[in-house]
Each structure stands twice: as structure tokens, then as C-alpha cells.
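Biologist: Could you show me how to read the sheets of a model, beginning with the order of the strands and ending with the helices that pack on them?

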Amino acid sequence: MKQYFDPLQQEAHDAFFVIGRDGPPEVLPPNTSTETFCEVLDKLRQICQAENVITGDDLVSFIDPFAVTSSHVPSAAVCPSNVSEIQQILKLVNVHKIPVWVCSRGKNLGYGGPAPQINGSIVLSLHRMSSILEVNERGAYAVIEPGVTFRDLSEYCLENKRSVWPNVPSIGWGSVIGNALDRGIGYNALGDHWHNISGLEVVLANGDVVRTGQWAATDAPTAYLCKNSFGPSIDGLFLQSNLGIVTKMSLWLQPRPQTYMSVKVEVDKFADIAPLVDALGLLHREDILQSNPLIGDVIGHLSIFNTAAELYDGPGPIPEDKIEDLRVKNSLGAWTAIFDFYGTKSMVLARLERCREVLEQHCPSMRLTSRLFEGSDNNGGVLEARKIAEHGRGEPVGVVGTSRSSMINFALPRDGKGHGAHTDFVPLMPNDGAFFLKWFTEARKIMVSHGFNAILGGRVFKKHSFTIQMMFYDSSSATHRASLPAMWRDLAKAAEKYHLTNYRSHLDNMGNFCPLSCSPSSSFRQNNLDPNGVLSPGKQGIWPEVWNKYRKENKNDETTTNGTTTPSISSLKM
């Protein structure tokens, strides 16, 4: 099935989802007869046209290409093009109480992609709703639909609105809206996407349409400029949730600065992560840092260009002494942090100087390198994002990259056979260097004990960080499929000792390691917004009452979190 107008993005989709893969087994929606399901499909075809209702082998585009189990299979997929069609779909599935699993582009790989939590759900894919409705340079914002990819927005701004830089990730095929709603992170000064949402249009389970913030007021001149509403703000209810279907979003963009600087900091010992994090945390609290530093280790860097088999031909994970040899051979730091500065030349240089002072105090042997970009006289002194990307990283200036897509094959054998895949474990923690070191030491030991290379890193924000335990595997390997869940569980048990909560997780783990504070909004959902439980039941562990029986039969009814027992969702009341 064609999902992209851009042939490069479609080619990437086919490579990950289609080529060399069989279609999923046929399943029915829960508690639905074959006759009823056929009637529902016929009505969906009337709503969205036949070519936009997907069944059979073509559903290969709507399953998790990295799956280690067969427990997340859709019965069909439907691809609406507008709000009216969404409302008609919701009316139909509410009548028959059939769950729909909502995705924008379904490219949240490593977390389940477009696959549903409940077997037999109908995937409701919003990829056809792909209009860039407005990009305003003066206000530095964009208004978009869920099918707009990072590459779409990047290319549009580069061609038509060059004075604003969208925030983009390393790979551009994913949905801007989908990523923001899942609290995704990019690289520029507005890289924390969800904090830069300035209004949502949402279709609720009953078909009602709501708009948030100033957007709720008809023709308000501050619709996309001010997040405040009169009274409670409800935007957060739709982040990592199943409380509604977001059909439009206003997102702030970064104005093009006069100068731009990329910065890299390297330290040579594993234990240096502690003073490095403390230094970056201090610089953030002083408002010196503008973006959120990305920290990576030796193997994380080398995985961009090599497979594990190319780096080490011995048994098991790469040993620590071999990692040190690779670090020295490739002139790398044991840890590398990258971040960026924006503004006038004097402001950028002042930030760099303070950065150097703090880092030298905390990490005397660190190496700091930087590169300053200024506009040339040939173009009136204006920075050109494409030219910067030709000489450095494009993501911090709004140009989508592709360099990290090859990492997916890191765990494949030397002959290259198999299906490269990844997932991760990402707990949140304070900007405390000693805490980081203690956690990474334990996480590395757990990952290696299960036969996986420990690829460690994280992102540092103003007050907190999240650490990334990246897990590359071969999804065609029975050994990897068996070992991966056990490793994840052991990491979760370790995190519980430190009372950590997670940033987000794969379908298989949603609800198995989450803060108790998730539950009140779950109760709100089940009692008020979606009584039939049709919208993405089980998303992030949020289960409405009507699926309690299914949950008990297919999941543990109680999950342990931070040393306590989380009650069943249905037992919690607002």
C-alpha cells in the first residue's frame, strides 16, 4: 500500500515493513462475528472508499516490524482523509463496540509502530490527512495535520519559509503530530516538542470536536500564539493517551538566528558520566544551554557505521577492554555530548565561554570542540540551513538527516541475514551525576548478562534527564526474541529499586512499569469520554472498564510499580 507521495519515504517504508515479510494472520475483532465484521468493512468502504480499507496481506504495513510476539495483530485498517470521515467511523465502531487503534504515521518504531494493543482491533491510520495548513514566519508556528512528516515540514520550510526552522529528528518519515503527542524530542532550541504545542483540534470518541487553548475561540488572533485557556488547560490529556483523536496541531517553530554553533564535548572514562551530567545540569539551570544535550557512548557512535559483528568477532557482547581499544582507535570519548547555540555572534560566543568554564571545572580532561556558522556576503548574511547541513549535522537547523537509519542492522550476523530491530528502556531521573553513574553501571551489567551489547545514552533537560538503554536485536532470531523481554523485565526491576518511572514503552510493556499518577486520567476517560472503550484501549496502560475481562484474561490485572501495587484502573474514581 502506498503511504507516501515522496518516493524516498515510501521506499524506506517498504524496506522496513513489506520486503521479505509475510502478511499477518487473519483475526476478527473481539466479540465480533465474521458476518458482523464483513458488514462493518462494507460500511467503512462506503465512508472512506474501498482502496482506503485494508485487509489481508496488505496489513503488513500496519503491524510491528520489530515484533517479538504475535499478540498485536489488526483485523483491518481504515485510512480517513478528514474529520467527517473520522466521525462516521467512530459512530460505526461505537455501535458494534469494535476497538480502533489510532496512529498518525505508525513510525514510532521500537514502541510498536502502528500495531494495536488488542488483537483484532481496526487500525485507524491518519496518514492521508497530510496538509500543511499554515506556516507563519512572523509568529514562528505551523498548523498541520497528523499525516505531515518531519521531511514534509522541513522541505516546505526550506523552500517557502526559510526564516523558520522546524524541529526534526534524525529520520524524517514519522508524523510531527504523532511524535509531539508521544513526547518526542528533537535537536534545536524547541526540541522538547510537546512543550511547544500551542493548540489542538481533537475528535472525541463520541464524534464531538474540541479545540484547546486560544484556538477554542473563533477567529482569535492569538489562536496559535498563546497556550493559555480561560480556566483549565486540557492539552495534556491528549499526550500519550487514548482520550481523543488529534486531527490538527499548532506547533511553534524556531526563528532562524543570525549565527549558529554546533558543540561537542568528550570525556574519556566511563565514570566521567557523573561530572559531565552535573556540569550540563548546571549550565541548563543557568540558562546557558538552549538545546537539550544528547549523550552517547562508544558503541552507540560506532553503530551508525558498523555492525557488532564487524567490530568484534568473538562470542557474546563486545567486552569492555575491546570497547576501550575501539575508543582509542577511533579517537572517541567514552561519552560524547552534543548540543547547539543560536543567536547573535556575541551571544553565542558568550554562551560557549561560560560552557567551557563550567565543563573545565567539572571535567578537567574533557575536550570541547565547536563550529560557528555565519551567513555569507553572497546571500546577504543570512544563514542557509542546507549549506550548514552539508558541513555538519542538519537536524539542529531543521534539515532531516538519514545517518542513523543504518543502526537498525547493528545486531545482525556477519552475513547480514535477518531483520534488524530495536527497542529501548528509558527511565526518567534527576540531573544527578552520581545517580547516572550508579544506574548506567547496573544497566550495563543487566544488558550484557542477557547477551546484548549495552548501548547507553540520554538527553539532559533543565531539571531532569532520561537515560536510554538501546537494545538492537534480530527479530527473526528465536534467541533474541526470547531474551529481550527477560532483559526488559530485569531493567524494570532494577529501576523500581530507585523509584524511577519510564518515559514511554513498547506495546508489550505498556502499563507494566508506569507511575500511579497515570490512573486518574484513565478513570476520567472510562467514565466520561469513551464508555464503549473504542479508542486505543490499553494505550500506555489505560484500560476502560469494558475491557476489564479481556485485560484479566490476557494481561496481569495488577502491575507492580515502584515497590507498590497499582490497582486495576476500574477501581479508581475521580
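Modeller: We will go through the sheets of this predicted model in turn.

Biologist: What is the order of the strands in the open sheet of five strands, and which strands stand at its edges?

Modeller: The order is β5-β6-β10-β8-β9, and the pairing is antiparallel. At the edges stand β5 (132-136) and β9 (209-211), and because each has a single partner strand, one side of each is left without a neighbour in the sheet. On average, and with direction ignored, neighbouring strands of this sheet are turned by 10 degrees against each other.

Biologist: How many bridges pair β8 with β9, and what packs on the sheet?

Modeller: Strand β8, residues 197-203, pairs with β9 over three bridges in the antiparallel sense, and V203 stands opposite V209 in β9. Helix α4, residues 150-160, packs on the sheet and touches β5 and β6 (141-144), while its direction makes about 45 degrees with that of β5.

Biologist: Which pairing does the open sheet of four strands have, and where are its edge strands?

Modeller: That sheet has mixed pairing, with the order β1-β2-β4-β3, and its edge strands, β1 (53-54) and β3 (100-103), each pair on one side only. Strand β4, residues 122-125, runs parallel to β3 and is joined to β3 by four bridges, with V100 standing opposite I122 in β4.

Biologist: Which strands does helix α2 lie across?

Modeller: Helix α2, residues 34-48, lies across β1, β2 (76-78) and β4, and runs at about 20 degrees to β2.

Note on methods
Residues numbered from 1 in each chain as written. Predicted model: local features only at pLDDT ≥ 70, side-chain atom pairs only at ≥ 80, totals over all residues. Heavy atoms only, no water. Pairing = 2+ DSSP bridges. Helix = DSSP H or I, 4+ residues; strand = E, 2+ residues; numbered from the N terminus. Axes fitted to C-alpha atoms, helices over the stretch in contact; angles between N-to-C directions. Contact = heavy atoms within 4.5 Å.
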